Amino acid sequence: MTGEQTDTMQYYCGIDIGASSAKLAIIDSDHQLVAKAIGRSGIDYAKTAEQLLTELVEKESIDRSKIVKSFSTGYGRDNVPWADGKMTEIACHGKGAFFHFKERMTIIDIGAQDSKVIHLNETGKRDNFKMNRKCAAGTGAFIEEIAYRLALDVSELNALAEKSTNEVSLGSFCTVFAATEVLAKIRAGVDVTDIVRGAFNSVVKRIVEMDRVEGMLVMTGGVVANNPFLAKLIGLAFGTEAHIAPNAQYNGAFGAALFAAEQAR
Amino acid sequence: MTSSAELKDFEASKTMRNVMGQYFKELTDPARPKKIAWCTSVGPAELLRGMGFEVYFPENHGAMLGATRMATDLIPLANAHGFSPDICSYLTSDIGSYLKGESPLNKMKLPGPPKADVLVYNTNQCRDVKDWFEFYGREWNVPCIGVHTPRAIGDVSDTILTDVANQIEALIPTLEEVSGQKFDMDKFKEVIALSKQCTVLWKGVLDAAANVPSPISFFDGTIQMGPAVVLRGAQSAIDYYEILLAELNDRIKNGIGAVEGEKYRIHWEGMPIWGKLKSLALQFIELQTAVVSSTYCNSWVFEALDPTEPFKSMARAYCELFICRSDEPKEAYLERMIEKYKVDGVFYHNAKTCPNNSNSSYNMPQRMQKKTGKPYVIVDGDLNDLRLYSEEQTRTNIEAFVEQLSQS
Ligand code: SF4
């Protein structure tokens, strides 16, 4: 935590309970992120939310009573008892990204189980949005599956993909079919770096076919936070630079905190 | 955050349930004197009624299988029988229901759907109806005949109308043979006149939603349209809609909306999601958003019907329908709807097993947004097959869409 806590200090909290992890962000009156935490969403969202907040305020020595408003978002947005309001993750990712880059933009959020494309105009107003079809293609779940097939930890993927020198392609829409393609590549003795790059390319293709990019490309979510090389590939495919939002994994929670601050005004 | 949303039913609904109950009772009564004709929902029902048949509409049964969620267990039976999970899920639900011998009609203490003496389709809506009817034609060894209307019609030209009118007329010899009765032009004209009266009233019901707040929602419409589908051409449908219209006029007079505190108004494009009607209706109520119009409920508005020109006007009524038109007239129609119903945004249901009645796959939402400035959302789902529906994604899509409307 940065800065001194003074008596007049007020905080706003956002919590994003996603399909796989819950992210919490606390901002101050200047809308600066002062504390953040992440944990597994688990099976009891209310309990997860409470635990994350209790532990974070304790760790960062934040007086909980100074958190004047809280907003929830994500799949578990209806299950946070202390939230004063809720917004969808589409609104929150838009809010968070626009805070950092105040221009016309397309936000691509790749989450554990879904991907979203959000178009904002130059004032931050949303023109349009799209969620992926209900399928793991082009999401974190796909990458996790491939890591599992290759007996790798997901944290190793980014570096491996960067080292690849040969493009291999996985053609199928379907995660299970793509995983079978991976098995075929292993059998054929293809280098693991190339297979991982192929898996990244598959995510890129699924994202590119979802929608167009208009204005600046901003990427959010845990998948690009942990795999910046994937963001780079997505940018290349769209022919524009991909800007990874600061604290990309917390961007939804940050946006929720901004909504909380806005409501408090 | 718990929901306090409540559906406001109509007083008239009790009467509707009686009217529909009576219809099914007569239809399934083994002692009924009349022969049974199966008819597609936008098929030549007036001719069949005019020739003395009891008319049964399997799509209505399909919708019941969806609404009761019986479809979920029955579709796989049809899939295993060789009917792909990718084709019309009314068809697969209905054939599954036949294979298993279970029907929502059983819950009304009625035997299942009546066996057909003749099956009559119109391909104006899709090819699936013909394949569906032919299955039963083979099962029961009864005639399966129909009208092959062109699809993606631009201008409803005289060539098309003459052809379709001739095709309707050409059904008569087989129908006479099955019914054992001679075709009676006066009776036919009488039914056309009754059907037209039903259309005018049903259109009046849908038009009521142009009021702010809207006294009726799309979700109400999908239930209230029962008589317009299965009893058009019969007096009972006319009597019912007179009662419903009076109640709607009362609501309008007293400023009663279907959605308490209506803030936003949406057009629903495509098929209903039958197994989720209630939860979707409640979500929209919670979001103070009224789904005021749809092309779906308007599919049973046949304004062209004219007893002085029975065959030709019937051809026109069934060729002018939204579902069998090309994108240009469809878009013009949607533009008129958006204006008339004061719509803030359009919800496109991309029903995976009914591309015929889904309009989000050929760039239409994007074109329409450009033309009208009204935002849209596309939700993947299905009419009956809930394996193709994601509850969470749909809820989030709807919530996010209404958030977006609130920014405008
Ligand atoms: S129009 Fe669609 S839902 Fe209706 S019968 Fe044809 S395929 Fe099925």
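Q: Buried or exposed: which is S195(B)?
A: Buried means under 20% relative accessible area, exposed means over 50%, and partly exposed is in between (1.4 Å probe, protein chains only). S195(B) has a relative accessible area of 1%, so this residue counts as buried.

Q: What kind of model is this?
A: Residues are numbered from 1 along each chain as its sequence is written, chains are lettered from A and ligands numbered from 1 in the order in which they are written, and side-chain values use heavy atoms, with hydrogens and water left out. Local features need pLDDT of at least 70, side-chain atom pairs count only at pLDDT 80 or more, and totals for chains, interfaces and linings use all residues, as this is a predicted model.

Q: Which residues does S195(B) touch, not counting residues up to four places away in sequence?
A: Start with where it sits: S195(B) is in helix α9 (residues 185-207) of chain B. Helices (H or I, at least four residues) and strands (E, at least two) are DSSP runs, numbered from the N terminus. Contact means heavy atoms within 4.5 Å. With sequence neighbours up to four places away set aside, S195(B) touches E46(B), R232(B), G233(B) and L305(B).

Q: How many residues does each domain of chain B give to the contact?
A: Domain bounds come from an automatic or database domain assignment, and here chain B gets domain 1 (29-181) and domain 2 (188-407). Their centres, taken over C-alpha atoms, are 23 Å apart. The contact takes 51 residues from domain 1 of chain B and, from domain 2 of chain B, 41.

Q: How many nonpolar, polar and charged residues are in the shell around the ligand?
A: A residue counts as near a molecule or strand if one of its heavy atoms lies within 4 Å of it, and the residues around the ligand include C88(B), Y90(B), D128(B), M271(B) and N356(B). Domain 1 (29-181) and domain 2 (188-407) of chain B each supply at least three residues of the shell. For the classes, Ala, Val, Leu, Ile, Met, Phe, Trp, Tyr, Cys and Pro are nonpolar, Asp, Glu, Lys and Arg are charged, and the others, Gly among them, are polar. The shell then sorts into 8 nonpolar, 2 polar and 1 charged.

Q: Within what arc do the buried residues of α4(B) fall?
A: In helix α4 (residues 71-80) of chain B, the buried residues are A71(B), L74(B), I75(B), A78(B) and N79(B). They line one face of the helix, because their arc, that of the directions from the helix axis to the C-beta atoms, is 150°.

Q: Which helices do the buried residues of α4(B) pack against?
A: Picture the two sides of this helix. D73(B) and A80(B) are exposed on the other side of α4(B). The buried residues, in turn, pack against two helices of chain B, α3 (58-67) and α5 (89-100).

Q: Why is the pair of Y98(B) and W140(B) edge-to-face?
A: Rings of Phe, Tyr and Trp (its six-membered ring) pair if their centres lie within 6.5 Å; planes under 30 degrees apart count as stacked, over 60 as edge-to-face and the rest as tilted. By this rule there are 30 aromatic pairs over all chains. The ring centres of Y98(B) and W140(B) are 5.9 Å apart, and the pair is edge-to-face because the planes are at 80°.

Q: How many residues apart are Y98(B) and W140(B)?
A: Y98(B) is partly exposed at 30%, whereas W140(B) is buried at 16%. Y98(B) is in helix α5 of chain B and W140(B) in helix α6 (residues 128-140) of chain B, so to speak distant parts of the chain, and their separation in residues is 42.

Q: What is omega for the cis peptide bond that joins V212(B) and P213(B)?
A: P213(B) is in the loop between α9 and α10 (218-224) of chain B. The cis bond joining V212(B) to P213(B) has an omega of about -5°.

Q: What is the phi of R69(B) near?
A: R69(B) is in the loop between α3 and α4 of chain B and is partly exposed at 44% relative accessibility. This residue is not a glycine, yet its phi is positive, near 60°.
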